[in-house]
Amino acid sequence: MKIHYGTALAAVALVAVHILMRLTQGFAESLEYDSVIANYKFIPYAGMLEIILILLSIHGFNGLRVILLELKQGKTYEKAVSYGCVAAMIALIVYGSRTIIMVNTGMT
Amino acid sequence: MAQTSSLAEENSSTPLSSQQSIILRIARYNPEHDSAKKFMEFNIPYEKWTTVLEAILEVKKHLDHSVAVRYSCRQATCGSCGMIINGKPRLACFTKISELNSNIITVEPMNNFPIIRDLAVKFERLFDTHHKVKPYIIRDDTEITTSTKEFLQSPEELEKYIQFSNCIKCGLCNSACPTMATDSSFVGPQALAQAYRYVADSRDKGKDDRLKIIDDSHGIWRCHFAGSCSQVCPKGVDPAMGIQLLRGYMLGFRS
């Protein structure tokens, strides 16, 4: 459960940096295609977004796992929930990372 | 022999007589025969010092001897007579009818415990979780072999845990806990408060063992800090605070 607290604190710090960086640009402008692509190509910033994605995925799916474990108990059910949440977490991280990788390998 | 004569004396006592009376609603349920709980009502006279337990025993003695209830000391020491009284977990021997300010007193078995019959519930889970957290001082040496003959403790060190030593294992905290209602594997506020009691004891060396036991998917982290455990404790123990302090140990803020 320490991972839950740790990811939450780290995510709050990094999301704050992310919001501050967005504030340097106009909101509408920051969402323009070229601007988004430029952000993804700037490796330190893209790396931070990737870390936020990982932190929030771990935090979110662990939270979901905890809620599901509290709703019902049983060895098989608990195993299925734990493995299911880890699988869903990995799938989300892979899907999110795909965008950054595509941009940086020139697939856009 | 003395016990037999006192029992005979108790059985032959006359019914309570008073100007005031209440309706005592007792939940009746036998898991072997009944599909649902039903309530039986009894009109019981009471004095301002009459406790709910005395009212239930009045029913047993003079109106319906088949009511199942567990009790022993009648002075809030043994922790046997926990039940839901007018919707709140309380000790029947420690609750006066006059302080409930109601003409109808409803008594039900404690929540989150399997029912044996009527007001009597099974305590196995409570005792199992209590034993699980090793509720005793753990250390390699003993008081006999040390030169000082006893493990000295300052008043400040004693203050850290002394209130948690007042636990009588009545189960009211577990009955009030919302997590206990949904998580059948949750270790519960009683056991967690006892884990804190021994972890905070300066004489104890079993902290790491205990922290490992409660750092489980159904352990200390399942507490949502509703605080109802502390509200219902008849001995003034604050399990919710104990759990938060214990989390401090888990996260390394305390040592």
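Mentor: Welcome! Of the 255 residues in chain B, 36% are buried, where buried means that 20 or more other C-beta atoms, placed from the backbone, lie within 10 Å of the residue's own. This is a predicted model, in which local features need pLDDT of at least 70 and side-chain atom pairs count only at pLDDT 80 or more, while totals for chains, interfaces and linings use all residues. Residues are numbered from 1 along each chain as its sequence is written, with chains lettered from A in the order in which they are written.

Trainee: What pLDDT does chain B average?

Mentor: pLDDT is the predictor's confidence in each residue, from 0 to 100. Chain B averages 91, and 90% of its residues score at least 70. Residues 1-9 of chain B stay under 50, with 0 contacts beyond four places in sequence; a contact needs C-beta atoms, placed from the backbone, within 7 Å. For the model, ipTM is 0.72 and pTM is 0.84.

Trainee: How many helices and strands are there in chain B?

Mentor: Both are DSSP runs numbered from the N terminus: helices are H or I with at least four residues, strands are E with at least two. Chain B has 10 helices and 7 strands. Its C-alpha trace spans about 60 × 45 × 35 Å along the principal axes.

Trainee: In what order do the 5 strands of the open sheet lie?

Mentor: Strands pair if DSSP finds at least two bridges between them. In chain B the order is S2-S1-S5-S3-S4, with mixed pairing. Strand S2 (38-45) and strand S4 (88-91) of chain B are the edges, each pairing on one side only. On average, neighbouring strands of this sheet are turned by 35 degrees against each other, direction ignored.

Trainee: Which residue is the bridge partner of B:Ile85?

Mentor: That is B:Lys88, in S4(B). Strand S3 (residues 82-85) of chain B pairs with S4(B) in the antiparallel sense, over 4 bridges.

Trainee: Which strands does helix H2 of chain B lie across?

Mentor: Angles run from 0 to 180 degrees between N-to-C directions, using axes fitted to C-alpha atoms, for helices over the stretch in contact. Helix H2 (residues 52-63) of chain B lies across S1, S2, S3 and S5 of that chain, at about 95 degrees to S2(B).

Trainee: And how many residues of chain A are in contact with chain B?

Mentor: There are 6 in chain A, in contact with 9 residues of chain B. Helix H4 (residues 43-71) of chain A gives the most to its side, with 3 residues.

Key: Contact = placed C-beta atoms within 7 Å. Buried ≥ 20, exposed ≤ 12 C-beta atoms within 10 Å, placed from the backbone.
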